[in-house]
Amino acid sequence: NSNVKSIQEEIHRLKKEKNAIILGHFYQRPEIQEVADFVGDSFGLSQQAQQTDADVIVFCGVHFMAESAKILSPDKKVILPEPEAGCPMADMADVKQLKEMKKQHPDAAVVAYVNTTAAVKAHADVCCTSANVLKVVQSLPQEKIIYLPDRNMADYLAKKTDKTIIRWPGYCYTHNWLTADDVKKAKEEHPDAKIVVHPECSDEVVSMADKVTGTSGIIKYAGESDAKTFIVGTEMGLNAALKKEHPNKSFVFPSKKLICAQMKANTIEKVYESLKTLSPEVFVSEEIRISAIKALDKMLQVK
Ligand code: 13P
Ligand code: SF4
């Protein structure tokens with residue numbers, strides 16, 4: 001509507017005035033994706049945060065993503081329009097428990113999914129995202145891997161590698177909500193459709209899929225596959241990018257529950273306010289940053 005349009009115009013004006021860029025995750029509201037300079041997955045967003053020469057990064061995503069941007073670009077102002085937008089799964093791992101686990105498995109490498117706090121990353125050997133998890137794990141000399149915090153991704157890893165995967169009891173409530181029954185029903189309605197799901201989905205959903213991959217991988221798969229219809233197991237926000245990239249294909253989201261409330265907590269009004277006031281800012285202590293950047297850098301170097 002016209003109100004949203006005028007806010008978007010103001011955002012474009014402010015971006016130039018403040019030499020700011022807007023980075024947005026695929027799960028953001030469509031009107032936010034429209035004003036973003038880059039829309040992508042966690043991996044692409046980290047790369048952009050590292051490479052930009054803007055003075056200000058307005059991060060439209062959740063807290064751990066903005067924190068990673070700050071770790072990689074400490075001299076930039078990093079703004080999170082809704083400061084309470086955290087990833088509940090990232091909050092399921094804490095340093096105290098991780099130290100305990102490391103003591104129990106001194107010969108294991110610690111692989112932290114980017115969906116972790118900066119403090120946890122500071123105690124990890126390397127980070128990973130859904131886009132590079134297998135490559136990262138294979139690149140390590142250790143045979144034993146502590147993988148945190150997503151137990152569903154750990155299950156997936158255990159099937160895909162010969163390494164011993166030590167699990168952590170975290171999960172993403174959005175992806176975990178998707179049931180095998182939901183997918184079965186969608187497949188009955190669209191028998192020719194291919195099933196493509198995020199590795200954060202449960203083991204039984206992952207077992208039904210033709211392809212298991214992160215958000216950017218889902219977009220790529222829809223382009224490479226001959227199928228016309230796809231049953232998509234991830235947050236519904238991805239629909240905007242899927243339709244934009246592949247206008248002649250159709251995408252079915254098999255459950256109404258595939259919504260991340262934290263991702264949706266950013267609104268276009270909050271993006272505008274945050275650009276105007278250059279707040280709320282995200283900070284990471286230098287002590288944590290120096291350790292956490294090693295794990296992030298190591299991930300960004302894995303080819
Ligand atoms: P991607 O890195 O695949 O975009 O996933 C981010 C996320 O939060 C998944 O729930
Ligand atoms: Fe966290 Fe899940 Fe939301 Fe991604 S979709 S930010 S993993 S709660």
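**Domains 2 and 3**

Mentor: In this predicted model, the centres of domain 2 and domain 3, taken over C-alpha atoms, are separated by 26 Å. The side of domain 2 that touches domain 3 is made up of 4 nonpolar, 3 polar and 2 charged residues. Contact between the two involves 9 residues of domain 2 and 12 residues of domain 3. The domain assignment gives domain 2 as 90-171 + 289-301 and domain 3 as 174-252. Domain 1 is assigned as 2-86 + 263-283.

Strand 9, residues 194-197, pairs with strand 10 in the parallel sense over 2 bridges. Val-196 has Lys-211, in strand 10, as its bridge partner. In general, strands of a sheet pair through backbone hydrogen bonds, either parallel or antiparallel.

The last topic is the nonpolar core. The largest one holds 94 residues, and those touching the most other members are Ile-57, Val-58, Phe-59, Val-111 and Tyr-147. Helix 4 (residues 63-72) supplies the largest share of this core, 6 residues. Leaving aside residues up to four places away in sequence, Phe-59 touches Leu-23, Met-65, Ala-66, Ala-69, Val-78, Ile-79 and Leu-80. Nonpolar side chains tend to be buried together in soluble globular proteins.

Technical notes: Residues are numbered from 1 along each chain as its sequence is written. Chains are lettered from A and ligands numbered from 1 in the order in which they are written. This is a predicted model: local features need pLDDT of at least 70, side-chain atom pairs count only at pLDDT 80 or more; totals for chains, interfaces and linings use all residues. A nonpolar core is a set of buried Ala, Val, Leu, Ile, Met, Phe, Trp, Tyr and Cys residues joined through C-beta atoms within 7 Å. A residue is buried if 20 or more other C-beta atoms lie within 10 Å of its own, exposed if 12 or fewer, and partly exposed in between; C-beta atoms are placed from the backbone. Helices (H or I, at least four residues) and strands (E, at least two) are DSSP runs, numbered from the N terminus. Two residues are in contact if their C-beta atoms, placed from the backbone, lie within 7 Å. Two strands pair if DSSP finds at least two bridges between them. Domain bounds come from an automatic or database domain assignment. Ala, Val, Leu, Ile, Met, Phe, Trp, Tyr, Cys and Pro count as nonpolar, Asp, Glu, Lys and Arg as charged, and the others, Gly among them, as polar.
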